[in-house]
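User: Hi, I'd like a quick tour of some helix and strand packing. Can you keep it short?

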Amino acid sequence: MSSKNIAKEIRREIVKMTAAAKSGHPGGSLSLAEIMEVLYFEEMKIDPAQPDWPERDRFVLSKGHATPVLYSTLALRGFFPKEELKNFRQIDSILQGHPDMKGIPGVDFSTGSLGQGLSGAVGMALAARLDKNNSRVYAVIGDGECQEGQIWEAAMAAAHYKLANLTVILDYNNLQICGKVDEVMDIGPIAEKWQAFGWRVIETDGHDLDTIRQAIKMAQAEESCPTIIIAHTIKGKGVSFMENDPDWHGRAPNQEQLALALAELEKGE
Amino acid sequence: MSKMIATRNAYKDALVALGEKNENVVVLDADLAKSTMTYDFSQSFPQRFFSIGIAEANMTGIAAGLAAAGKIPFASTFAIFATGRAYEQIRNSIAYPNLNVKIAATHAGITVGEDGASHQSVEDIGLMRGIPNMSVICPADGPETVAAVMAAAEHQGPVYLRMGRAAVPVITEEEQKLEWGKAKLLRQGQDVSILTTGMMTALALQAAEILAAEGIEAEVLHLPFIKPLDEEAVLATAAKTKRVVTAEEHSIINGLGSAVAEVLSEKLPTPLRRVGIKDTFGESGKPADLLIKYGLTPEEIVKKAKELI
Ligand SMILES: Cc1ncc(C[n+]2csc(CCOP(=O)(O)OP(=O)(O)O)c2C)c(N)n1
Ligand SMILES: [Mg+2]
C-alpha cells in the first residue's frame with residue numbers, strides 16, 4: 001500500500017462497515033483517517049503478530065465511538081482479518097460497538113464512556129515509566145469530549161507527573177451530536193487551556209500527513225511535559241455529503257449512500 | 001397487534017405538555033437531546049432548556065442547584081451516564097438534601113442494542129433504589145410513561161425515571177394517572193404470580209398466555225414503581241399463588257427481583273425465580289437478538305414459572 005492510499009483505504013472500510021452494520025459512527029471516524037495512518041503505519045512501535053507485546057506503544061481511543069476507524073486501521077495493519085469488519089456490531093462478534101480490550105487484538109483500552117480513556121492513558125504512561133520501558137502512549141480525544149471534567153483531571157495529572165511519554169491528539173472537528181461544539185458548550189480557548197494545564201501544544205492540519213508526522217515527531221522529542229496535538233479536522237472528511245454535518249455523527253449510510261461514498265472516495269486524492 | 005412506541009418518544013410529548021402546564025419545569029441535557037427526546041422541549045421553551053454538553057456530573061449538580069432555588073429540573077441522558085457517571089452527585093447533591101430533581105434517563109437496558117455493553121445499563125435500578133429519598137419508576141409503555149412524567153412532576157423529591165430506546169407495545173390505558181407507589185394487576189390467576197416492570201411486562205403477558213394454553217393460570221402484577229414498592233400488592237399475590245417469578249430488563253442483582261425477594265423473605269417466604277440479566281455484561285447486537293441470547297423472553301418466564309409448579 002502506498003502511503004497516499006492508506007487513509008483512503010481506511011475511509012473505504014469505515015463506510016463499508018457502518019453500512020453493513022446499519023449503525024455506527026462514520027463522521028468522527030472519517031476525521032481521523034490520516035492521523036491513524038501516521039500512528040499505526042509509521043510512528044507507533046507495534047507488532048501485529050504480538051498484540052500483547054509489553055514493550056509496544058499503546059493507543060487509547062478515548063472518543064470510543066470512533067471504532068470504525070480503529071477497527072479498519074487494526075485490520076489493515078494486520079491485527080485481525082479484514083473480513084472480520086463485516087461483523088461489526090453484530091451479535092457474537094468480537095467487534096463491539098465500542099472498543100473492548102479483552103476481546104479485540106490490538107485494542108489497548110476499553111472506552112465508550114467519554115472522558116474516561118485519557119485517564120487510562122495516564123495510567124499506562126505512569127506504568128511505562130515505572131517499568132523503565134521507553135514505550136509511548138497515544139490517546140485520541142474529541143473536542144466535545146473535552147467538556148467532561150475528567151479530561152481536565154487527567155490533563156492535570158499528566159502534567160503533574162511530567163508524562164513526556166504521553167501524546168494526546170485532539171480531533172478538533174468542532175462538531176458533537178447536537179451541533180457545533182462552541183454552541184453546545186464552548187470549550188475555547190482550547191490551546192490556551194491545555195497550555196495553562198502545563199502541556200506542550202502543537203496545532204496541525206489533521207488531514208495533512210506531513211504536518212501530522214512532524215507534530216508527532218516533535219511530541220516524541222519533548223522531554224519535559226506531555227504534548228497535545230490539536231488536529232484541525234473535518235468531521236465526515238472525504239465523503240462530501242457527510243462533511244461538517246452532525247447528522248452523520250451516529251448514522252450509517254444505506255446501500256445507495258454507500259455506493260456514492262465509495263465512488264467519491266475512489267475519485268478523491 | 002398493539003401499537004408500538006418507545007417510552008422515550010412518549011417522554012418527548014409529555015415533557016412539552018408539562019412545560020406548558022408548569023412554568024417551573026426546566027430541562028437539562030448532555031449532548032443527547034435528539035436521542036433522549038428533550039429536543040422538542042428545547043424548541044418549545046428555549047429559555048428553560050439548558051445544554052450542558054458532555055458533562056453529566058456537572059449537569060446533575062446544576063439540576064440540584066436549580067431545584068434548591070425552586071425549579072423542577074428534568075435532567076436527561078442515557079441511563080448508564082445518568083446513574084453511573086453522576087452517581088455520587090445524585091446521592092450527595094440531590095438525594096441527601098431531598099431536592100426536587102427528576103433524573104429522566106433513556107436507553108436503559110440491553111435493548112440499547114448495537115452500541116454494546118459500555119452503553120447498556122443493567123445496574124441502574126440497583127444504584128438508584130439504594131439511595132434514601134429516591135423514588136424509582138420504570139414505565140411499561142408509552143401511555144404509562146406520560147403518566148409517570150406527570151406523577152414525577154407532582155411528587156416532591158428526587159425521582160429516577162427509567163426509559164428505553166426501542167419501541168415497545170402499548171399494553172396499558174391510553175389516558176391514565178399513576179397512583180404513587182401502586183402496582184397494577186394486569187391479569188388474574190391462581191397458579192403463579194409474575195411480577196414485572198418496564199418493557200418486560202408486555203413479555204410477561206405473553207408468557208401468561210403461553211402458560212394458560214397449558215392450563216396454568218398466571219397472575220401478572222406490573223410494578224411501575226420499584227420504589228416505593230407496593231408491598232401490599234406483592235404480599236397479596238404471593239399469598240394467593242404461593243409462587244413468584246420476577247422479570248426485568250436489568251441485572252438479577254439489586255433490581256426488581258431483589259426488591260421483591262427482600263419483602264417476601266422477611267414477611268412471607270415464597271418460592272421465587274428471577275428472570276433478568278444473569279450478572280453479566282451485554283454486547284452489541286440487535287435488540288431482539290439480545291433479548292433472546294440473554295434470556296429476556298416469554299419462554300424464559302414460562303420456564304421459570306414451571307420450575308415452581
Ligand atoms: C460520558 C458519555 N456521555 C455521552 C456519550 C454519548 N456520545 C457519544 S459520541 C458523543 C459526542 C462526541 O463528540 P466529540 O467528542 O466531539 O466526538 P467527534 O465529533 O469526534 O465524533 C456523545 C455525546 C458518551 N459516549 N459518553
Ligand atoms: Mg467533535
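Analyst: In chain B, strand E13 (residues 244-251) is joined to E14(B) by five bridges, and the two run parallel. Strands here are DSSP runs (E, at least two residues), numbered from the N terminus, like helices (H or I, at least four). Two strands pair if DSSP finds at least two bridges between them. This is a predicted model, where local features need pLDDT of at least 70, side-chain atom pairs count only at pLDDT 80 or more, and totals for chains, interfaces and linings use all residues. Residues are numbered from 1 along each chain as its sequence is written, chains are lettered from A and ligands numbered from 1 in the order in which they are written, and side-chain values use heavy atoms, leaving out hydrogens and water.

User: What stands opposite Thr246(B) in E14(B)?

Analyst: Arg274(B) does.

User: Which helix packs on the sheet and touches E10, E13 and E14 of chain B, at about 160° to E14(B)?

Analyst: That is helix H13 (residues 298-308) of chain B. Touching means contact, with heavy atoms within 4.5 Å. Angles run from 0 to 180 degrees between N-to-C directions, and axes are lines fitted to C-alpha atoms, for helices over the stretch in contact.

User: What is the strand order in the sheet?

Analyst: The order is E9-E11-E10-E13-E14 in chain B, an open sheet with mixed pairing. Its edge strands are E9 (184-187) and E14 (272-277) of chain B.

User: New topic. How far apart are the axes of H4 and H6 of chain B?

Analyst: They are 9 Å apart, at an angle of about 10°.
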